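Today I open my notebook on a new structure.

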Amino acid sequence: MRKELLRLRERMQAERIDAWLIMTDDFHGSEYVGDYFKCREYISGFTGSAGTLLVLKDHVGLWTDGRYFLQAKEQLEGSGITLYRSGQPGVPSLENVLQERLSAGETLGFDGRCVMAGYARRLREQLEEKGITVVSGFDLVGDVWEDRPPLSREPVWILPEEYAGMGAGEKIAEVRRVLKQKKADWFLLASLEDICWLLNVRGNDVECTPVVLSYLLMSQEEVRWYVQTEALSPEVRDYLAQTGICLREYGEIYADVERLPAGSRLLYDENHVNDALISRIPPEVEAEDGENPTLLLKAIKNPVEVSNERAAHIKDGVAVTRFLFWLKKQRKEEETGKWQTPVTELGAAAKLETFRREQDGYLGPSFYPILAYGEHGAIVHYAADEDSDIPLRPEGFLLADTGGHYKEGTTDITRTIALGPLTREQKEMYTLVLKGHIRLADAVFLKGAAGMSLDVLARTPLWERGLDYNHGTGHGVGYLLSVHEGPNSFRYRPAATRGNDCVLEEGMITSDEPGIYLEGRFGIRLENLLVCARKRENTFGVFLGFEPLTMVPFDREAILGEMLSEKERNWLNTYHRKVFETLSPYLEEEERRWLREETAEI
């Protein structure tokens, strides 16, 4: 049993709390969180970016999704923590376990700042019927966490309109138009990505996500930004003043919510505002839960953003293609005995980062790099560390899922790379995944369709063989914000929460990333980012489709051409011609010759 867990139980006993819930969230419901907020990781030792920990007096459980099953199994071994594989047949939900293990008169507790209001509301409704008390005014992990990292307070910077494509004043006006339609007097916004999008500011308070820890409260007359003001330079302060933004200290939001005028109408999204904030809304204020109006406005990229994203993907394509060439060259040298220092997973990741840093306007990775060799590729979100890092060999697959932030936008790409001889099965699996990728990328559909309507295209080649992958096929991508952005996505199951399903619109950027994962053997994933674009219009309506933003070749060594249909082969050859035409002017002669061979017609 981990000592951190034992100390938490001691605090629970002192406060007469029978169960303690630890989410992955920060105060804003962010997907990735700063070190200050990694309470679940501190108590459990599980480092995945998604998961929920429940600590009871005689039982501890951790729930996570299919991306992290193998990772969690390894990291929780010997900890005394039971792994619950969310969504799998026969696996009880956290709510079921609470219902079964807690009795009337007992108490569930959590830090209300780190649990979103919608989830907290549902928990209370379920448990209070049984006479179970729910309390949210404690930070028990903070009480036992020695040397807890400080709250991040990185400098704020302005995203110029040449990159944003629209001024903050215009965006605020659009939101006010929505508030007027909804007859709302105030709008409470806590999503970090939405706030930064609205104000055209960026920061570095969350690793791999250039956002600023802050809240926003606005009406038709004013916009209040609650931020750690020490992070603001004189230039940023002047910009905010000129934009009409009123500054408040970060923690003042709670008192200001309590002071909202009686009879006013407040709009908020309970899935993106924490429970501690909502509990402070006066009863005399009419509180309306609804989707943040910023969500869809942010997801539909304007023409300037789309143009900039194309530029970002050219830079990223150059970096990744140069990495692929370097990797293949190292492999050939090893085959002849010339490779004196073997490359490991971490070494390969560092080399790719070097190529990206050579690109003008590169700001940093958009998520933790996943370079997974051999059987590690079957762990969907594997992250190499000093203990797991293994050398690459001239055989099998290396799965490389990486991305970057550039001033022109955000990238996310996965290529599975043949490092040497492959088996027939490995080639078949690669080609099946490629077929699914192409079918989705080549889709044409009537406007009004959602990503859930199209997911089957990517899965069909695998489903026909009795195979599948345990993750969504695609997610929306933010513009120099979160690499995972709703509401657009590709998945065949309805989303569990509001804001993760929507009709696809021109300008939305979504990933296309089917895969296959064979535990203990290998994994394959192939990912491009696609921008939704108009294809044609006639008496039947407007037809949409996709254009690939990612410009990197697929691995010819792994493709069985005879498995591709003529339509799939035409798409691949056209795509590869575009990759060569786009990237070749930026490559050295030896790299260019290799790329010409790699993109030759199949």
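My entries below go from ground rules to strands, then a helix, then pockets and cavities.

**Ground rules.** I am working with a predicted model, where local features need pLDDT of at least 70, side-chain atom pairs count only at pLDDT 80 or more, and totals for chains, interfaces and linings use all residues. I number residues from 1 along each chain as its sequence is written, and side-chain values use heavy atoms, with hydrogens and water left out.

**Strand 10.** I took helices (H or I, at least four residues) and strands (E, at least two) as DSSP runs numbered from the N terminus. I call a residue buried under 20% relative accessible area, exposed over 50% and partly exposed in between, with a 1.4 Å probe and protein chains only. Is strand 10 enclosed or open? Five of the five residues of strand 10 (residues 214-218) are buried, so this strand is largely enclosed by the rest of the structure. I checked both faces: Ser214, Leu216 and Met218 are buried on one side, and Tyr215 and Leu217 on the other.

Next I looked up its partners, counting two strands as paired if DSSP finds at least two bridges between them. Strand 8 (residues 186-189) pairs with strand 10 in the antiparallel sense over three bridges, and Leu189 has Leu216 as its bridge partner. A hairpin of four residues joins strand 10 to strand 11.

I found an open sheet with the order 16-17-20 and antiparallel pairing. Strand 16 (370-373) and strand 20 (413-418) are the edge strands, each pairing on one side only. Strand 17 (residues 397-402) meets strand 20 over six bridges, and Phe397 stands opposite Ala418.

**Helix 16.** Does the length of helix 16 agree or disagree with what it should span? I used 1.5 Å times one less than the number of residues as the expected span. The 18 residues of helix 16 (residues 424-441) should span 26 Å, and the end C-alpha atoms are 26 Å apart, which agrees. I also noted that 14 of the 18 residues are buried.

On a 1 Å grid over the protein atoms alone, a cavity is a set of points where a 1.4 Å probe fits but cannot get out, and a pocket is an open set with protein on both sides within 12 Å along at least five of seven lines; lining residues have an atom within 4 Å of a point. Grid points are joined across faces, edges and corners, and a volume is the space filled by probe spheres set on the points.

The second largest pocket holds about 300 Å³. Of its 17 lining residues, Asn204, Cys208, Leu363, Gly364 and Pro365 are the closest to the centre. Strand 15 (residues 362-365) gives the largest share of that lining, three residues.

I counted six cavities of 30 Å³ or more. The largest cavity has about 120 Å³, and among its 14 lining residues the closest to the centre are Ile22, Met23, Cys39, Asp111 and Cys114. The second largest cavity has about 60 Å³. Strand 20 turns up again here, with three residues as the largest share of the lining.
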